Structure formats: C-alpha cells, structure tokens
Amino acid sequence: MDNSAFEMHEDAAKNAFSMGKMTTISRMEKKRQWSLVSIFLVCLLACTITTAVGVLILSLVYVHNSQPHSQVHLGLEARPLQTTVPIVQKAVDPKFQFLNHLPKSKVFEFPGGAIQWARYRNNVKDYLSVEEEAFGSSLNSQRSQMTLGTLRIKSNGLRAPHWHFNANEHGYLVQGSAWIGVIDDGGVVTTYNVTGGQVIFFPKNTLHWIKNVGNEDCFFLLFFSTHDELQTLDVDDVFFSVPEDIASRSLKPEGGINFIRTFQKQQEDQAVNLPPNLAELVINPSYVQSPDSLVWKYFYDLKGSKEYQFPGGVIQLAQYWKNGSELSSHEKIFSEFLNQHQNALTLSTLRIYNNGLRQPHFHFNANEMGYVISGCAKVGIINTQGIIEFDVHIGDVVFFPIGTQHYIKSSCDEDLLFLLAFSTGDQLQTLDMDDYLQATADHILAQLFFKEQSEFKKIPKFKEDQAINLP
C-alpha cells in the first residue's frame, strides 16, 4: 500500500506542532514585552511623583522664608547674609498685670512737649516690652474703662485743639499753670485758668485745648474712660484733610481759596505745638476767664476741697455726690455735670504718711488706676489666684480690677502721694477689711477660722475711721 496519505498526515501533524510552538513562543515574547513596558511605566510614575513632591517642598520652604517675621525688626533685604534666630518669649511676672513702669515707656516728642502712655494698644508691636504688653492687655481684658497719659507742655507750648471719639478725659495738673478752652455742642466757649492740684474735665467729643501760660513746664496726669486704644483728632489735621474748595466755601475768607492755599502743613506733628517764631506770630494774647457757672462744669479745685482725715493720711475726692449738702455751690455744678455723662470717672488724691497703711479694701462699682506723684510704697493685691506684692516709686502706675482686695503701705521717709482714678461717675462704693470683719457675727468667724468665739473680742473697734492707719 502506498504510504503517501500517511506521510501527508504525518507532515501535517509536524506542521501543526511547529505552528503551535511558534504561537507559544510569540505569546511569551509579547508577555515579556508588556512586562518591560509595565516596569518602565511604574518607574516613570515614581519619578514623576518624587519630582512633584520635591518641587512642593522647595516651594513651601521658599514661601516660608519670604514671609516677614513679626519678631525680626530689620528686613532681610537689609542683611542678606544674616540668619534669623527665633526669639523665645520670656515668662512675664504676674505683677505686670497690675504694674506699669511708665518712665520706661516710649516718649512721644513734639515741638512743644511730650506724651507718655499706660494703655492698651491694638498692635502688639507698639509695646516696648512684654511687661508693658501685659499691663495693656490686662486693662483691656478686664474692660477697665481706663487709659492714663502724662502730658508735659513747655512754657508757651500748646496742646492743640482736639477731641476724643471714644472717651471722657479727666486731668490733674501736678505743676505749672495753664489756660484751658472748651467748646461744647452748642458752640459755647468756656475758658479758664488752672494751677497745680486742680482738676479739669472734658466730655467725650468736646473740643478743647491746653495752653501753658507759665514760665515752667506744665505736667498733667490725664485719665481717659476707655480700655480700647484712644481715638483722637486734632484741628490742624482736620483742616489740612478738607479739600481747599470745601474749606473756602465753609469759612468764606477774604481772598477765597487763595487764602486757604497760604496755609502750609508742618512736617512735624503739632499735637503739642510751639513755633520758634511765636513772638512774631502772637502779639497780644488774652487769657479770659469765663463765668463760674460755665467754668465749674469743666473744673474742680481738688486741692481746695474737703479733706478726709485719717490717722495715717488724707483723702480728697473729685466725684459725684448723691447728697451734696456739704458741697459749695461751685462744687455742686461739677458734681451734677459729671453725673450727666456716661462712663465719667472719679479722681482722688491719696496721701499716706510715713509708715502709714491704706488698709486692705475693695470697690463695689469701679476699677482703680493710680499714679505715684511722690514717695514710695509696697502694694498688695489679693484675688482668686492668691496674693501679689510689689514696690512702686515715682512715675509708676498701678491697676486694681473691680472687686480685687488691695492695700498700699508707705515705705519711704517722706509722705506717699497717689493720684487715683475710678471707673465710675456715681459715688464710689468701698468696703475696708476691718469694717467687714467687725460686721460679721463672731460665731461665724469662730466657725470659719477654728477659733473660740471669745477670741474675736480681741479685735478692737475704733471711733476714728482706720481706712488709713498708723502702727
């Protein structure tokens, strides 16, 4: 039999086997190719992600370094090679919530004088120290309604006419003599003279000025009824801000707008003004005194007022009195006018003899701020955190929040003299330590202090008020 058919089948089988083998090899090569592509794509993706992350990190570093740092006082452009060293915020002694060393604060110099402040500031960069910041923040957080400034005016200097948007102003003249002007909302002008130991009062948004008419510097202590940053506007700043045509139409001067254009704004701030050619500018000044019925709205003769005598010192008050029967007719004008204004203050002088003590006490209706005029003292404050004691000297300012028990002990050979301001236009309400302990039932005290009831008979009652006492 011819085997050609078998041979053909065998050949076909061989061919089929060869083709299958080639197909398998082809598939394996394709798989190998896809594996290489996959590896390549994975590597490419990894490189892309790594590059993106690196660029992001570099961008963040660049942005951080280009930001201005609040504690770097010189710009980086001024010192390109200088490395910025982080400033560590030091801990602040808690006493600076209640104490301000005002002589160390920034002095704002003007041609005619200078101003210093113990106050809250919106921008923390305006504080010279963390201690000053602690005091300002305390005034604000306690809603004290208190700001203190010292104003020194050279002879013939002028605190320019101005007004305050957000505060009444109470002032005490420590030294010198001045001529005061006040213009009320009806356009009524009141002018008067003040000397050392007298008080001035300017209601909120009332235009006023202070002119030194003596040969020595005037030195004022000024209290403002705000715990926010004081807002003030001076007349010269207003004038130069008004468009010339508006000023000309309002004032209607001879020469019209050309007259307005003759005014030149000075380069220096004229808040306290003293032109070098004053003698050429002012030929015949007059310092008129208005009628007492007007003057005593804005003036109080504190040094001439009633003295409240104690064994260890003296207190005098410029305040509203509910019962004004002991006041003079002039003092009644001031008392009633003060009470008509919201957020008015009470002023007081406190004189403590050598080794005298203003005993522990607190006020029901007012925060208290004080300035040391003379002498020195140890001050103590007792609040919910315990007791804080510190020494004060001339120029220091203290703050006692409402309800905080505090005491002041004279520690110099000379008398201590404080000027105090209280955040109330009503009559001040105060309770002394000896008064509230005497008024508490002795069996209550015995239970409280784990002492026999009879022991409390040893605490004497005095006929004379011991608010300021001596050993």
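How much accessible surface does the protein have, and what share of that surface belongs to carbon and sulfur atoms? The accessible surface comes to about 27600 Å², of which 57% belongs to carbon and sulfur atoms, with areas taken from the Shrake-Rupley method with a 1.4 Å probe and, for residues, only the protein chains shown counting as cover.

This is a predicted model, in which local features need pLDDT of at least 70 and side-chain atom pairs count only at pLDDT 80 or more, while totals for chains, interfaces and linings use all residues. Residues are numbered from 1 along each chain as its sequence is written, and side-chain values use heavy atoms, with hydrogens and water left out.

Buried residues make up 39% of the 471 residues, where buried means under 20% relative accessible area, exposed over 50% and partly exposed in between, with a 1.4 Å probe and protein chains only.

Next, select Ile180, Tyr192, Val194, Ile210 and Phe220, which touch the most other members of the largest nonpolar core, a set of 55 residues (a nonpolar core being buried Ala, Val, Leu, Ile, Met, Phe, Trp, Tyr and Cys residues joined through side-chain atoms within 4.5 Å). Strand E11, residues 218-224, gives the most to this core, with 7 residues. A second, separate core of 29 residues includes Ile315, Ala366, Val379 and Val398. Returning to valine 194, and leaving aside neighbours within four places in sequence, its contacts (heavy atoms within 4.5 Å) include Leu173, Ile180, Phe220 and Phe299.

Move on to serine 225, in the loop between E11 and strand E12 (232-234), which is buried, with a relative accessible area of 6%. The C-alpha atoms of serine 225 and phenylalanine 422 are separated by 9.4 Å, although the two are 197 residues apart along the chain.

Now select helix H8 (residues 329-339), whose buried residues are Glu331, Phe334, Ser335, Phe337 and Leu338. These buried residues pack against strands E6 (169-175), E9 (199-202), E14 (299-300) and E16 (313-318).

For charged pairs, show the salt bridges, defined by a side-chain nitrogen of Lys or Arg within 4 Å of a carboxyl oxygen of Asp or Glu; by this rule the count comes to 10. Glutamate 244 and arginine 261 meet in one of them, at 2.8 Å from N to O. Because glutamate 244 lies in helix H4 (residues 244-251) and arginine 261 in the loop between H5 and E13, the pair ties together parts that are 17 residues apart in sequence. Arginine 358 and aspartate 432 form another salt bridge, their closest N and O atoms being 3.1 Å apart; this pair links strand E18 (residues 357-363) to strand E25 (residues 430-432), 74 residues apart, and both residues are buried.

By contrast, select arginine 119, in the loop between strand E3 (113-118) and helix H2 (130-141): this residue is buried yet has no salt bridge, and the nearest side chain of opposite charge, glutamate 229, is 5.3 Å away (Lys and Arg count as positive, Asp and Glu as negative, with His and the chain ends not counted).

Finish with phenylalanine 263, in the loop between helix H5 (257-260) and strand E13 (272-273), which is partly exposed, with a relative accessible area of 38%.

Terms used: Helices (H or I, at least four residues) and strands (E, at least two) are DSSP runs, numbered from the N terminus.
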